[in-house]
Amino acid sequence: MARPPPLDAAAEEALLLRARQGGRAREEVVVELFRGHRAPLLGVCLHLTGDRADAEDALQEAFLSAHRALPAFRGEARLSTWLWRIAVRAALEVRGRRRPAAPVDPELPAPPAEPPLLARDEARRVLAAMDRLPAEHRVVLSLFAAEGLRHREIAEILGVAEGTVWSRLHEARRRLAAALGRR
Amino acid sequence: MDCVAFEIAVEQRRHGALGPEETRALEAHLAGCERCRAYAGEAARADAALAASAEAAVGGADWARLEASVRRQVRSGARRVVFDLATVAVAVPPAVLGLAPEGRRAGALGAALLACAAAALVRGGYHGFLARRARGLAGQELLAFHRAALRADLRRALAGRWLALAGALGFAAWAMAPGVAPLGRVALAEASLLVAGTWIYVLAVRVPRLRRQLASLGEERG
């Protein structure tokens, strides 16, 4: 299925104006946002929850929260940045609700062009290792791996300085390598 | 520059944030530093693995089902507020009228209507609270905000059980006052159930869940 192009600032502004009409218009805006952002957000939700079903739950909760909060949104940030922040929190909440005994298994489905078995095994091992890292490191690793996000946007999503983003990413890499037993 | 600075430069180059001069310096360093080359290789492997897992999840997602589910939840969320309030308004006044003894029904009904109005305010306030919390995300350090919100929820949950106890005691004291004997036993049972239910929910469900969520965030970073 082809991915819709990401929304630019003008398109976001038009969506906000429509959302302020409320009712069915707001619902349609949320659905358009869903279509425009669902793929990268689902990827990050998967990285943060470590579980495919949880990632889909988090994605839906994020858009439900966005629908609830849209009337109060005053354009303090780009709409997409705000949506990323909501999605990251939703993923962390869904992961936190999981019982500690629940195993982390991303249950990676076979995508249309199936990657080699070794690549899928490596993806599983990296996700399992990420699950043992503090939230700051999981989040920064998954945002940098997300398609189309630049470091400035990541700094805005996290609400930290750009320099902090780089140092946090470096520390996260070091810890991930340790968790994978490679350092 | 030490290796840590070069490793950060590796990340900056990977994400298109390194200038030409710094790139030349990095390449010269990488040519002679095995540690930094290993770091660069490890970063590439990890990002490729994460991209592969995201691609697999995206490729396998049933978008039509997910979109329908988002629509359904958005609509039911709005309807649920109305349904909750209508249920309280329809169920509570008749129940109070049935339980109250002759001569005290008008007062009991008035109290029940006041309680319904309070419930409506609390329900509407909770909806607004969730919206404000989501809006409050902009411009703040995301994970610090998330931790602070969870800690505030934990404090509220722990305080809520004492509030329920105080409310139930007050209700029981009013209901057992001289002259309201028939209502007294029922009221006492209701108050006990309210307190027991609240405490069980708070201590067995809400607080462990919030503590689990806080623990799942891992150590706090400055």
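Which residues does A:His170 touch, not counting residues up to four places away in sequence?

Author: Bear in mind that this is a predicted model. With that said, A:His170 touches B:Val4, B:Glu7, B:Ile8 and B:Tyr39, leaving aside residues up to four places away in sequence. One of these, B:Glu7, also has a polar contact with the histidine: the side chains of A:His170 and B:Glu7 are joined at 2.5 Å. A:His170 itself is in helix α8 of chain A. The histidine counts as buried because its relative accessible area is 7%, and the cut-off for buried is under 20%.

Now over to the chain B side. B:Glu7 and B:Ile8 are both among the buried residues of α1(B), a list that also has B:Phe6, B:Ala9, B:Val10, B:Glu11 and B:Gln12. What do those buried residues pack against? From chain A it's α8 (162-179), and from chain B it's α2 (20-32) and α3.

As for the helix itself, α1(B) has 12 residues, which at 1.5 Å a residue should span 16 Å; its end C-alpha atoms are 16 Å apart, so the two agree. Just after α1(B) comes B:Gly16, with a positive phi of about 70 degrees.

Zooming out to the whole interface, 63 residues of chain B are in contact with 78 residues of chain A.

On the polar side, the rule finds 22 residue pairs in polar contact across the interface, both residues being at pLDDT 80 or more. The side of chain B that touches chain A draws at least two residues from each of α1 (3-14), α3 (34-60), α4 (63-99), α5 (105-135), α6 (142-175) and α7 (181-216). Of these, α3(B) gives the most, with 17 residues. Sorted by class, that side of chain B has 27 nonpolar, 16 polar and 20 charged residues.

There are salt bridges too: the rule finds 9 across the interface of chain B and chain A. As an example, the side chains of A:Glu122 and B:Arg45 meet in a salt bridge at 4.0 Å, N to O.

Methods:
Residues numbered from 1 in each chain as written. Chains lettered and ligands numbered in written order. Heavy atoms only, no water. Contact = heavy atoms within 4.5 Å. Polar contact = N/O pair within 3.5 Å; in protein donor to acceptor, adjacent residues only side chain to side chain. Helix = DSSP H or I, 4+ residues; strand = E, 2+ residues; numbered from the N terminus. Nonpolar A, V, L, I, M, F, W, Y, C, P; charged D, E, K, R; others polar. Expected span 1.5 Å × (residues − 1). Buried < 20%, exposed > 50% of the residue type's maximum accessible area, 1.4 Å probe, protein only.
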